[in-house]
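This report covers helix packing, domains and the chain interface. Look at the model first, then read on.

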Amino acid sequence: MNVKMDILSPYKEATDVILEAGGEPLKLCYQCGLCTAVCPWNLVRSFLVRRIIHEAQLGAVDFGSEDVWTCVTCRACVDRCPRGVEIIDVMRAIRRAVASLGIGAVPDALRISAKNIAGVGNPLGEAPEGRNDWAKDLKAKDFAAGTEVLYFPCCIPSYDPDVKTVARSVATIFNELKIDYGLIGTEAKCCGEAIRKAGHEDTFQSLAQNNIDLFASNGVKTVVVSSPHCYHTFKHEYPELGGKFEVIHITQYLASLIKKGSLKPSKEINKKVIYSDPCYLGRHNDIYDDPREILRSIPALGLVEFPDARENGLCCGGGGGRIWMDTAKGERFSDIRVEQAAEKGADIIAVACPYCLLNYRDSVLSMGKAETMQVKDITELVAQAL
Amino acid sequence: MEEIRTGVYICHCGSNIAGVVNVEEVARYVGTLPNVVVSRHYRYMCSDPGQDLIKKDIKELGINRVVVASCSPRMHEPTFRKAVEDGGLNPYLYEHANIREHCSWVHDDKKLATNKAKDLIRAAVMRVSHHEPLVIREVPLNPNVLVIGGGIAGMQAALDIANGQNKVYLVEREPSIGGHMAQLDRTFPTLDCSECILTPKMSDVGHHPFIELLAYSEVEEVSGSIGSFKVKVRKRARYVDENKCVGCGDCEEKCPRRTDSEFEMGLAKRGMAYIPFAQAIPNIATIDKREERLCKAACKEACPIRMNVLGYVSLIKEGRFREACEVMRRTNPLPAVCGRVCYAPCEEACNRGQFDEHIAIRGLKRFAVDYELKMGKHKAVPVERSKEEKVAIVGSGPSGLACAYDLVRQGYSVTVFESGPEAGGILRWGIPEYRLPKTVLANDIGHIQDLGVEIKVDTPVKRLGEIFDQGYKAIFMGTGAGMSQRMGIPGEDSPGVLHALDFLRQVNFGVKVDLGSKVAIIGGGNAAVDAARVAGRLGVEEVTVVYRRSRDEMPAIPSEIEEMEHEGAKIQFLAAPVKILSDNNRVRGIQCIRMEMGEPDASGRRRPVPVKGSEFTVEVDNVIMAIGQRVDKAMLPKELAYTDWGTLSVDPVTLQTNIDGVFAGGDVVSGPSDVIAAIAAGKRAACSIDAYLRGEELSVEEGGKVERLSEEEVTKVKERFASRNRVGVSKLKPETRVSGFEEVEHTYSPDEAQDEAGRCLASLVEGCFECGECKEVCEADAVDFDQTDQIIELEVGTIIVATGYDQFDPSVIPQYGYKKYDNVLTGLEFERLTCAAGPTEGKILLKDGREPESVAIVHCVGSRDQNYHEYCSRVCCMYGLKYAHLVRELTKADAYEFYIDMRCFGEGYEEFYKRLSEEGVNFIRGKVAKVTDEAITDEEKGKLIVVSEDTLLGKIVRVPVDMVILCSALEARSDADHVARLLSINRRTDGFFLERHVKLDPVATPTDGVFIAGCCEAPRDIPDTVAQAEAAAGKVLSLISKGTVTLEAAISTVDEAICHGCGRCEEICTFNAPKVAIKNGALVSSINEALCKGCGSCAVVCPTGAIAIRHFTQDEILAQVAALAEAC
């Protein structure tokens, strides 16, 4: 018989691979489709989250599909899933199956970043020795046992010439307030959060082990980070691998200084500022108020909100390794965000995540709005207002 | 000593035990233990052949102790005790070893499991040898039953039990029974009207001779145990006498305050006095009083006619202005007049004045009447004449009109005789137009005439006889005190000297009065102020009021004095005229003397005393004397008797004059006073005349007592509410005023009036504030504000809990827009919408009154969702289908069902689903992500857009609709925990009450004698609820039929030799079993065996070890523990 129609042959081995790779929670899904309906991708194109989960349940995942790499891990679906399916874990497991078993293609851009991370410890492929070059003229000391906090800026602010200002702003603020902080040696590597979400588990394990050992041998007790992604993995994933240190996001740290009265921004920033909640600070870690407290403390600054702020905040599109992949024009969430900010009459989009910063800056430029709209990390604004 | 002969029986439980435990090996081992005579293993010990093994061994081998090793004792201990008893032994000579739940089910390692089974059985064998026969006793079961909850489950259970002629107490928290089912419109799948099938049952419950319904009541305390529960029920005060109330609903109609009706899910309002719905049982009103009023209602008490100020102010606050007028007219015949010229003792007394500023009561009164007039006043309906007698009123001033008003409303024929050309008396001729426009007065009088009072003008009454001759049976004299007092000073009769009343009368009737440019007014009362202000309006340039006391003593209304001064008049205080100076018959001035305030006189007022040699002259062209008024005897019939003061002499209580049937009141009796006092006198006379005509004794009402708030009370108010001063009214500018007689004070706008009325302290509390309007209108005299909660003590043998469910509040899912968008409704709200007796009379309407063109029905709102409730609420799919059907039937709208899985499992349910498919309902499979009004296409504009994935299409759908119905979950009552504690029953993690066994004992609870039915156990539909209620009733009836309760034999005993009587056992016991008392000269504890449950708490706290639990003695426990310890 010559069968023309697609026949689904459940492929149990594939299911087992996914389950083994940490996709256990997918069993709970009852296919209501809420995940699809809340997924930001469906604002720009069709992305049937529910169907992927069902395919995974039956072992019928199309490992070659680009959908494998689509999820931005923003957590909008997980937060509302009625059965508590950890959809991000399922997506990660599928990617892990592809990356480790070679049963599908890893997108080129991701492959290069993954190679860079594995090779030189940062996605940009920059020299490890240059990791702290951004701070050369800022008299930032090296971390030594007894130093109060370690500042860990994330690879992008460390290397990216356009984003270095974020790290430099933090150092400036710390210097100003005479905070006892230090930078760790150039042996530090990428935190590994995103590459793990992109399915490269082994790379993550080796990065994490490197950093954990490095911190431990230097006697690090407290780490202040600029990236919510570093924050997330340090706080929730490193402890399972033996990392024992306190981790504080820079917005939490600055907000506490403001509360104590030791940080008082005094210069006016007479601008309308709209704050975009980074997924990994907001939905993943429930930090919504600290960034806003900081912005409110800046004289003359007018804070406005996106229509879908806080728990409903729209992703910039950079999570889950997407920051390294190409997103077609017309499908960029950050473009929607910039449009929304413009509608609200904002002069500045304030962010608290290097990925958000990169994506929004790209959108502002490509949409020709550079004249009227700026994108700033909160720490840049604080440094400016000191 | 008896020889211990133990038989041990090891159950395979099929492969449940034998699959893991080597039962043969265990049996062999057990056979070697001391005292064991026989050790057997068998496939199913609980089967009849299994039990027969035991019985046979007792008979044939003479065993006197039995151990069975099998499943949990919860399951089969009773079975084997029974077998032992059937075999001829005492059932307590038995011990149970659990080698299933405690061994085979929880272990994989067969060898270790086998060893553990040996250990457990060895321990049981050691223990059983210490067992002693125990006596099992029975006590009678109280056949009375308590049912908690009057929804369909509670009602059904109560009816079943009561139909068996057993007494049932049905306790319902709400004012009426009926529960949620009473709120439903139609029931799926048959679509029969919920009310039609429910109300006959409600009625049966209400009238059943064996059911005592305790509605608006809550169970407060339950003690005792099966067979003899003691229950305390709090019967909450309804503030309505249940025996008198006839359920007419008048109180609710008149209640000035409205709140969201719980029954109508907030889609309609109810009064604070209310009956929740038309078919309520009991059909009696409830007054929703939640806290004590913050003020003392001093306004009402201070009012001479006790107007219901709280009532009408509150109605104004609610925007119910016409009704406010009705409330005023119930006591006051002249509200428009009083809204202007009353001196408002209510305002003076108003308790809010102690906090910031008193309420502008007079202004509010005026506003309401003015508003009514502006909107077109309805003509009053004439009162039907029900009394034969005719009454004559002489004088149409305020007292006469008030008397006539009250009498005509009592059914008398009333005629008013007025000597002047127009009715109104001093109101008509004495009060200037700018204070009381003629049209306003005419409106009030017109209302009185509309009711049936005849007014004959230009008809002076000279002889009382001629009135009686015309057939009048009683006469009221309300002729006033219309004659000016003379001062008795030289020059008083000069031309150019006028008397205030004559002056005002002339002006009011349009007679031209010539005045010079300077005028002096002598006096300090209202007439003086009126004359001064009128003079100003007639073009007088300099108006001077000469008053012999100081400002504080001036009797005129203070605000009037103030306005007069604004208009330019001057006041000479502490000055008295001694002589009018004239030239050529023209007044040229007055000679005055300065006064000073001397000692207080008998009346308490300080007397003015002339200062010698202080004479001075005021140059004026005219003098208006306003030093007082008196009764004009010449105008009155000769036969009447007078007091020394020149007023009519009357009986102080009945107001009857010296002539039988002739009564008098107002200024003619009291001397010059104010409008409201005259109205009060007229009303009192009306009562008296009514009593006189009916030959009855006059009942005298106590006068009001004006109370002030204490310091603490004022502080309490301040803590709760911010200070807010009264809303001012605009007035004509003084310069504009004096050019004419236009009314000076403007009236409030509706917004201002509502704002001002909102300051009333009385209406700041939640719920009823005892304005008493309901009490006034209740013909059955059922309202009783002195009612208090009652505690009723009941004794029952069994209890059924049927407390129902709460609807999940979908506003906790913000994405669904409930409470954010008008047309997002819950299921119960939609039920009320389609119900013919509901707020829209059964029409499916949007908030703006339009019919929807499309409706979305969202399933699983709060159900099947671990963020809210994981369980399925079981009824939503079916009622969701019902909604779609109703939408299709009652409107032209499209219906969309957003479902995840359709669960249509009952009789006729799947068929109903099929029918709905035929009816063209759109089914979209997907959980709704959000409901939004943010349109992205033109088609979506003005709509609510429901966003979901259609999981069957694999596409996101955005469905624009007009109405969204959220099928909200059923959840456990918010106070389920409290009820569970009260009855010592348990809840599942989902919050509902836990049954004893999910399959085999679904309506019993772990507490003997307490049963559960309906949605308090889990969400279920009506058929299942009724079935469960009947099951619970069946359980109860079987207990009643047996009539006795078997008491636990394994209970506490006290060794009196070592008991110290410390009482700790008494403290810890929740069943009140131990009692410490003196016995043989020593304080010792003893146990009431009927109450003891054998829980062992007392034994644990007993410091001397005097208390032991039978069957759990120290010997028994230690033997068992020691045997287990051997294994270690």
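A crossing is left-handed if the near helix is turned anticlockwise from the far one by less than a right angle, and right-handed if clockwise. Helices here are DSSP runs of H or I with at least four residues, strands are E runs of at least two, and both are numbered from the N terminus.

## Basis of the model

This is a predicted model, in which local features need pLDDT of at least 70, side-chain atom pairs count only at pLDDT 80 or more, and totals for chains, interfaces and linings use all residues. Residues are numbered from 1 along each chain as its sequence is written, while chains are lettered from A and ligands numbered from 1 in the order in which they are written.

## H3 and H4 of chain B

The crossing of H3(B) and H4(B) is right-handed. H3 spans residues 48–61 of chain B and H4 spans residues 73–86 of chain B; their axes lie 8 Å apart, at an angle of about 40°. Axes are lines fitted to C-alpha atoms, for helices over the stretch in contact, and angles run from 0 to 180 degrees between N-to-C directions. Angles under 35 degrees count as roughly parallel, over 145 as roughly antiparallel, 65 to 115 as roughly perpendicular and the rest as oblique. H3(B) and H4(B) are therefore oblique to each other.

H3(B) brings Gln51(B), Ile54(B) and Lys55(B) to the contact, and H4(B) brings Ala83(B), Val84(B) and Asp86(B). Contact means C-beta atoms, placed from the backbone, within 7 Å. By class, three residues are nonpolar, one is polar and two are charged. Ala, Val, Leu, Ile, Met, Phe, Trp, Tyr, Cys and Pro count as nonpolar; Asp, Glu, Lys and Arg count as charged; the others, Gly among them, count as polar.

## H21 and H22 of chain B

H21 (residues 526–537) and H22 (residues 558–566) of chain B have axes that come within 10 Å and cross at roughly 25°. That makes H21(B) roughly parallel to H22(B). Their crossing is left-handed.

Asn526(B), Val529(B), Ala532(B) and Arg533(B) of H21(B) meet Glu560(B), Ile561(B) and Met564(B) of H22(B). Four of these contact residues are nonpolar, one is polar and two are charged. Glu563(B) also sits in helix H22 of chain B. Is Glu563(B) buried or exposed? Glu563(B) counts as buried because it has 21 C-beta neighbours inside 10 Å. The cut-offs are 20 or more other C-beta atoms within 10 Å for buried, 12 or fewer for exposed, and in between for partly exposed.

## H14 and H15 of chain A

H14 (residues 333–343) and H15 (residues 354–366) of chain A pack at about 70°, with axes 9 Å apart. H14(A) and H15(A) are therefore roughly perpendicular. Their crossing is right-handed.

## Domains of chain A

Chain A has domain 1 (12–101), domain 2 (111–254) and domain 3 (264–385). These bounds come from an automatic or database domain assignment. The C-alpha centres of domain 1 and domain 3 of chain A are 28 Å apart. Their contact takes twelve residues from domain 1 and 15 residues from domain 3. The domain 1 side has eight nonpolar, one polar and three charged residues.

## Where the chains meet

Contact between the chains involves 16 residues of chain A and 14 residues of chain B. On the chain A side, helix H2 (34–38) and helix H3 (49–58) are the elements that give two or more residues. H2(A) supplies the largest share, four residues. The chain A side divides into seven nonpolar, five polar and four charged residues.

Conventions: Contact = placed C-beta atoms within 7 Å.
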